[in-house]
Amino acid sequence: MTDNNHKPMINSARKRTASRPDTIRFEFDDRFRFIGTNRTYAIETHGCQANEADSEHLAALCEAMGFSPALSLAQADLILINTCAVRENAEQKVFGEIGRLKQYKEKNPDLIIAVSGCMPQEEVVVDKILKKYRHVNLVFGTHNLHLFPEYLEKVIHDKGQLIDVLSMEGCIVEDLPALRKNRFKAWVNIMYGCDEFCTYCIVPYTRGKERSRDKADIIKEVRSLIDEGYQEITLLGQNVNSYGLDLPGETQSFADLLADLSQLPIPRIRFTTSHPKDFSNELITVLSQGGNLMPHIHLPVQSGSDRILKAMNRKYTRDHYLNLIRSLRIAIPGVSITTDIIVGFPSETDVDFADTLSLVQEARFEGAYTFIYSPRSGTPAAAYRDDVPVSQKKIRLQLLNQHINEGYLAGNQRFAGKIVPVLVEGVSKTDLTRLSGYTPHNKIVNFKGPMDLIGKIIPVRITQVRTWSLTGELANLNPKTR
Ligand code: SAH
Ligand code: SF4
Ligand code: F3S
């Protein structure tokens, strides 16, 4: 390792201070403009929307450096893997993939392989790359995307392995360009990091302290998205409900931010993720106005057992959660609620798991991401005895998924025969003769129609309901059947 290299340190990543993080205003340095001339790039993204948003910034930086998109990984001169550390099996997949990239390097010795995102924030990962994956040229983490051009220049010049991972609370970088994947829907970060420290979760260590963007910067970004013709924004944060609590001066809240954004002429606003403990009455009141605030809320519950919720450090009870859902259903009639659930957390008994299943029934979720607990080194739960047998975890996951799928179908069934507004995103992935888009409740709809509807919000009548999708027909083309 050269003197340039910086490895992550879990103890520094744990640190939280009261100081306000620095805000950096990014400006692209013209001396990097030709690094990628006549070269191609490919980015592969794992993990959550935070990583997807980061990859859109990294893609924009690649193109600012003159790289053009590669048709496939095999043809790229620069391969960047933007990684997720949230579960062990996802990490194993990434290591397998990095291993396979070696063959491309043998064919093209000038190929640059870079690894970024949450995995490099773990010491063990960086040690492994240093030891076993010498063909990786560049490793950086979640706090220094804006330095990517600088790193690339160094790597191309020195031809060595550069590791630069900062274990810090994090800063805020404004004005990074973004090359957005979707032409009609955009991610808008409203905050970074997480201070919740759920005992199973590595995110507070990989993403740093909770820090909110200034409202003025968020509004400026949304206004420019409106000018570019975007129809939908999704506000991003690990816990959007605590937006603003770290900002200086007058207290600002997520409810205030949402109320202000809802005044802007953007047809659809969504947000993710909400923590159930911070869902305020003010926020519920703002959401009850409807309009461009979409009636879908992703509200991870993680478990239905009070004992397990406590061990997870979730800071709410089953009753609190179910009451919150009741209030949401009253304030936002027809709201669709989805969730995240972990099975097999240390010490989870059959009774705890039965509590989770009964909560799923009571809450009437219309979808969920479900996971088998995965111990993450450095988190408090990693020190607990991982005592639920793997076979038991798998059975629980399967049972849970059966319940969840019933919810998906029931949620979809309520739209049978109804006319719903659909934001048309493009041609259906499963049937090239049909168009596809999403409803306000975030249900995917496939239907036949002309290509010039892409990018528009149009009425569609639902004719067929399946567990995972809806089928429809253009409502205004069939006046007789209305
Ligand atoms: N900040 C978001 C989500 C972060 S990670 C939130 O709090 O909701 C997304 C999901 O991954 C979590 O909601 C949780 O269900 C799951 N997850 C996180 N750590 C995990 C672990 N160690 N094992 C299994 N699932 C995990
Ligand atoms: Fe992880 Fe909990 Fe933070 Fe979500 S709120 S990112 S689950 S620590
Ligand atoms: Fe994964 Fe990092 Fe997101 S660990 S879930 S990519 S914050």
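The shell around ligand 2 has seven nonpolar, two polar and two charged residues. In this count Ala, Val, Leu, Ile, Met, Phe, Trp, Tyr, Cys and Pro are nonpolar, Asp, Glu, Lys and Arg are charged, and the others, Gly among them, are polar. The model is predicted: local features need pLDDT of at least 70, side-chain atom pairs count only at pLDDT 80 or more, and totals for chains, interfaces and linings use all residues. Residues are numbered from 1 along each chain as its sequence is written, chains are lettered from A and ligands numbered from 1 in the order in which they are written, and side-chain values use heavy atoms, without hydrogens and water.

**Ligand surroundings**

- Ligand 2 is surrounded by Cys194, Glu196, Phe197, Cys198, Tyr200, Cys201, Val203, Pro204, Gln238, His275 and Arg314. A residue counts as near a molecule or strand if one of its heavy atoms lies within 4 Å of it.
- Around ligand 3 sit Cys48, Asn51, Cys84, Ala85, Val86, Cys118, Val203, Arg207 and Gln238.
- By class, the ligand 3 shell has six nonpolar, two polar and one charged residues.
- Ligand 3 lies between domain 1 (5-164) and domain 2 (184-413), because both give residues to its shell.

**Domains**

- The chain is assigned domain 1 (5-164), domain 2 (184-413) and domain 3 (419-474). These bounds come from an automatic or database domain assignment.
- The centres of domain 1 and domain 3, taken over C-alpha atoms, are 36 Å apart.

**Helices H12 and H13**

- The axes of H12 (residues 350-363) and H13 (residues 390-413) come within 10 Å and cross at roughly 15°. That makes H12 roughly parallel to H13.
- Helices (H or I, at least four residues) and strands (E, at least two) are DSSP runs, numbered from the N terminus. Axes are lines fitted to C-alpha atoms, for helices over the stretch in contact, and angles run from 0 to 180 degrees between N-to-C directions.
- Angles under 35 degrees count as roughly parallel, over 145 as roughly antiparallel, 65 to 115 as roughly perpendicular and the rest as oblique.
- H12 passes H13 in a right-handed crossing. A crossing is right-handed if the near helix is turned clockwise from the far one by less than a right angle, and left-handed if anticlockwise.
- H12 makes the contact through Asp350, Phe353, Thr356, Leu357, Val360 and Gln361, and H13 through Gln392, Arg396, Leu399, Leu400, His403 and Ile404. Contact means heavy atoms within 4.5 Å.
- The H12 contact with H13 has six nonpolar, four polar and two charged residues.

**Leu397**

- Leu397 is placed in helix H13.
- Leaving aside neighbours within four places in sequence, Leu397 is in contact with Val343, Thr370, Phe371 and Ile372.
- Leu397 and Val465 are 68 residues apart in sequence and 25 Å apart in space, C-alpha to C-alpha.

- The axes of H7 (residues 215-227) and H8 (residues 254-262) come within 11 Å and cross at roughly 30°. H7 and H8 are therefore roughly parallel to each other.
- The H7 and H8 crossing is right-handed.
- Lys215, Ile218, Ile219 and Val222 of H7 make the contact with Asp256, Leu257, Asp260 and Leu261 of H8. That contact has five nonpolar, no polar and three charged residues.
- The axes of H8 and H9 come within 8 Å and cross at roughly 15°. That makes H8 roughly parallel to H9.
- The crossing of H8 and H9 is left-handed.
- Phe254, Ala255, Leu258 and Ala259 in H8 meet Glu282, Leu283, Val286 and Leu287 in H9. Here the classes are seven nonpolar, no polar and one charged.

**Backbone points to check**

- Most residues other than glycine have a negative phi, and most peptide bonds are trans.
- Thr272 and Thr273 are joined by a cis peptide bond, with omega about 5°. Thr273 is in the loop between strand S13 (268-272) and helix H9 (281-288).
- Asn38, a residue other than glycine, has a positive phi near 60°. Asn38 is found in the loop between strand S1 (23-25) and strand S2 (40-45).
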